[in-house]
Amino acid sequence: MRITIALGGNALLRRGEVMNGEAQRANIRIACEQIARIASGNELVIAHGNGPQVGLLALQGAAYDEDNVFPLDVLGAETEGMIGYMIEQELGNLLPPEVPFASLLTQVEVDADDPAFQQPSKPIGPIYQRDEACRLAELKGWTMARDGDHYRRVVPSPRPKRIFEIRPLRWLLEKGTVVICAGGGGIPTVYGEDGKLEGIEAVIDKDLCSSLLSQQLASDLLIIATDVDGVYLDWGTPHSRRVAMADPDSLEAQGFAAGSMGPKVQAACEFARSSGKTAVIGALADIEAIVAGHAGTRVSVRATGISFAKETTTP
């Protein structure tokens with residue numbers, strides 16, 4: 001199968017963990033150990049988040065020169081190279097030496113008039129206590145939002161429209177290459193008034209971009225790998241239950257928070273509808289079982305209603 005794997009940024013640098021190279025490499029090594037289990041006989045496309053990483057680079061740049069910081073599109077390109085390099089190396093140490101790898105900087109077109117630019121919502125960087133968040137918001141002009149019991153910086157997250165490097169991505173896959181691309185949702189770009197392509201200050205949601213990527217590459221399976229074993233209804237209550245299988249309309253009708261499971265559900269549903277294939281939301285640790293059809297929350301137009309793990313309910 002041709003499989004697209006969307007790795008969450010927090011799978012690469014865990015929440016609350018020290019944001020340094022050693023921690024990031026250790027987590028990437030763990031992720032690659034799981035991915036290596038499904039590499040044989042499959043074509044792999046690996047996308048990844050970059051929220052913690054791009055936020056850290058922004059902080060580092062501001063500490064160096066407050067008045068001349070690099071824009072988010074450039075920082076996104078930097079994280080694609082940094083994370084892609086580590087994935088290539090760690091996964092390459094696990095797979096046969098003849099397997100080729102390529103990390104491709106991926107420019108993604110967005111709409112400059114996307115409403116997201118008026119409503120920043122994408123969390124990036126570390127978590128802060130309330131007092132520190134307020135201080136940074138006033139000092140730097142950042143938009144801060146609650147993230148559980150803490151606060152994080154939020155930036156615009158426009159919808160992806162087009163992936164510019166889709167043709168070289170296809171060529172690489174046709175040659176048996178393991179491809180790492182669309183990191184952090186890709187590099188956000190727009191056409192300016194002069195008709196030339198340029199970057200824009202935003203971070204694209206990696207799940208929505210991975211869905212678009214999977215559609216355009218005709219992937220057989222989209223795996224949205226996260227730190228939970230699937231999509232739950234009534235999460236955090238005594239009635240919480242995991243969705244085992246759902247059709248896109250029934251799952252979307254449940255309503256999920258935009259800051260957590262919402263984009264993952266939306267991405268999975270869009271891929272399932274467009275391709276007729278299956279998307280799965282689940283834990284990276286279960287990736288073998290996900291590919292075998294035994295784990296995660298499976299979203300497919302061939303499903304009817306919603307079935308739950310260990311019990312079945314049709315709305």
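Buried here means under 20% relative accessible area. With that cut-off in hand, let us visit some close-up views of this predicted model.

**View 1. Thr 189 sits in strand β10.**
At 3% relative accessibility, Thr 189 falls under the cut-off and so counts as buried. Strand β10, which spans residues 187-191, is mostly covered, with 4 of its 5 residues buried. Leaving aside its neighbours within four places in sequence, Thr 189 is in contact with Gln 107, Val 108, Glu 109, Val 110, Phe 164, Leu 197, Glu 198, Gly 199 and Ile 200. One of these contacts, Glu 109, is also the bridge partner of Thr 189.

**View 2. Four strands form an open sheet in the order β8-β4-β10-β11.**
Strands in a sheet are held in pairs by backbone hydrogen bonds, running either parallel or antiparallel. The pairing in this sheet is mixed. β4 and β8 are antiparallel and share 2 bridges, β4 and β10 run parallel with 3 bridges, and β10 and β11 are antiparallel, again with 3 bridges. At the edges stand β8 and β11 (197-199); each has a single partner strand, so one side of each is left without a neighbour in the sheet.

**View 3. A hairpin links β10 and β11, with 5 residues between the strands.**
Look for Gly 195 in this hairpin: its phi is positive, near 80 degrees. Across the strand pair, Val 190 stands opposite Glu 198 in β11.

**View 4. Glu 109 and Arg 162 meet as a salt bridge.**
Their closest N and O atoms are 3.1 Å apart. Arg 162 belongs to strand β8 and Glu 109 to strand β4 (residues 107-109), so this pair ties together parts that are 53 residues apart in sequence. The two residues also stand opposite each other in the pairing of the strands. Arg 162, at 37% relative accessibility, counts as partly exposed.

**View 5. Arg 37 and Glu 288 form a salt bridge.**
Here the closest N and O atoms are 3.8 Å apart.

Side chains of opposite charge can pair when their charged atoms come close. How many salt bridges does a search of the whole structure find? The total is 17. Arg 241 is partly exposed, with a relative accessible area of 25%, and Asp 234 is partly exposed at 41% relative accessibility. Elsewhere, Arg 25, Arg 29 and Glu 90 are linked in a network of salt bridges.

**View 6. Helix α6 (residues 166-174) has the buried residues Ile 166, Leu 169 and Leu 173.**
Seen down the axis of α6, these buried residues fall within an arc of 55 degrees, so they line one face of the helix. They pack against β1 (2-7), β2 (43-48), β3 (101-104), β8 (162-163), β9 (178-181) and α7 (206-216). Which exposed residues are carried on the face of α6 turned away from its buried side? They are Arg 167, Trp 171 and Glu 174. After α6 comes Gly 176, with a positive phi near 80 degrees.

**View 7. The largest nonpolar core has 28 residues.**
The residues with the most contacts inside this core are Ile 5, Leu 7, Ile 35, Leu 44, Ile 46, Ile 87 and Leu 91. Two or more core residues come from each of β1, α2, β2, α4 (72-92), β9, β12 (221-226) and α10. What does Ile 35 touch, not counting residues up to four places away in sequence? Ile 35 touches Ile 5, Leu 7, Leu 44, Ile 46, Leu 91 and Leu 284.

Key: Residues numbered from 1 in each chain as written. Predicted model: local features only at pLDDT ≥ 70, side-chain atom pairs only at ≥ 80, totals over all residues. Heavy atoms only, no water. Buried < 20%, exposed > 50% of the residue type's maximum accessible area, 1.4 Å probe, protein only. Arc of directions from axis to C-beta. Contact = heavy atoms within 4.5 Å. Salt bridge = Lys/Arg side-chain N within 4 Å of Asp/Glu carboxyl O. Pairing = 2+ DSSP bridges. Core = buried A, V, L, I, M, F, W, Y, C linked by side-chain atoms within 4.5 Å.
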